[in-house]
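Let's take a friendly walk through a protein model. Have a look at the sequence and the structure first.

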Amino acid sequence: MKLCKVKDYKDLSRKAANIIQAQVILKPDCVLGLATGSSPVGIYEILIERHQNGDLDFSEVSTINLDEYKGLRPDDRQSYRYFMNTKFFDHININKLRTFIPNGLEENSEKACRDYDKIIEDCGGVDLQLLGLGHNGHIGFNEPCGAFSCGTHCVDLSFSTINANKRFFDSETDVPRQAYTMGIRSIMLSKKIVVVVSGTDKAAILKKVLCGPITPQVPASVLQLHADVTMIADQAALSQI
Ligand code: GLP
């Protein structure tokens, strides 16, 4: 794993945006694996700016997002589809038909997950996967559990995740209790992975991810086994190492 130590969130966003920009330039029809949460927002802002300056063309790019809340409509302000449209896709020249996110409205979990795995397969896999890190070590919505997951699956969100994500909702009771997420195996099959971690609140879990044992109790620890991971972390996130 390559560790890229940066000063702060701004620096982190620029470094990650540079890697994504290079990927899109080198392979204009690449498949980007994208993430939600606060961590990638600065990256999306920079990529939008570079697109608007004429330096970045997304017309041939496809995207596959990690996860979606089960039960939320795409136009629900808390859905990850809404997040991706408003924070990124609406501002670049991407073909929205080639931006994929699990279907939160599909009540049949088995079908939703099977359909999403088929989409990933049809796209030929992910060239570059962008990841954030949950406070309990989750990636996507792969929560700590007894075994690493394989393909897309439906998860019961942990208390820690509901608690962390309630800031985006009117109240904690509004946070959906389940989500569809790409599995660990699918994430590990990405050719390249870029992880962005910022802030002191992530310092303890980042130490476990980088220095602890590889265990499904800390899902992101599995990244130690991937051949091409760039971990971009700011000083605050690295403060316990
Ligand atoms: C959510 C998302 C993850 C994200 C994580 C961290 O639960 N499902 O993909 O990485 O939160 O979010 P943040 O970047 O806001 O800390």
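Does Arg 73 count as buried, partly exposed or exposed? Arg 73 counts as partly exposed, at 48% relative accessibility (buried means under 20% relative accessible area, exposed over 50%, partly exposed in between, with a 1.4 Å probe and protein chains only).

This is a predicted model, in which local features need pLDDT of at least 70, side-chain atom pairs count only at pLDDT 80 or more, and totals for chains, interfaces and linings use all residues. Residues are numbered from 1 along each chain as its sequence is written, and side-chain values use heavy atoms, leaving out hydrogens and water.

**Salt bridges**

Arg 73 has a salt-bridge partner, Asp 75. A salt bridge is a side-chain nitrogen of Lys or Arg within 4 Å of a carboxyl oxygen of Asp or Glu. The whole structure has 12 salt bridges, including these:

| Pair | N to O distance |
|---|---|
| Lys 15 and Asp 11 | 3.4 Å |
| Asp 75 and Arg 73 | 3.0 Å |
| Lys 192 and Asp 228 | 3.2 Å |

Lys 192 lies in strand S9 and Asp 228 in the loop between helix H7 and strand S10, so this pair ties together parts that are 36 residues apart in sequence. Helices (H or I, at least four residues) and strands (E, at least two) are DSSP runs, numbered from the N terminus. Lys 2 joins Lys 192 and Asp 228 in a network of salt bridges.

Lys 15 and Asp 11 both sit in helix H1, 4 residues apart. Lys 15 is partly exposed at 32%, while Asp 11 is buried at 15%.

**A sheet**

Three strands form an open antiparallel sheet in the order S4-S8-S7 (two strands pair if DSSP finds at least two bridges between them). S7 and S8 pair over 4 bridges.
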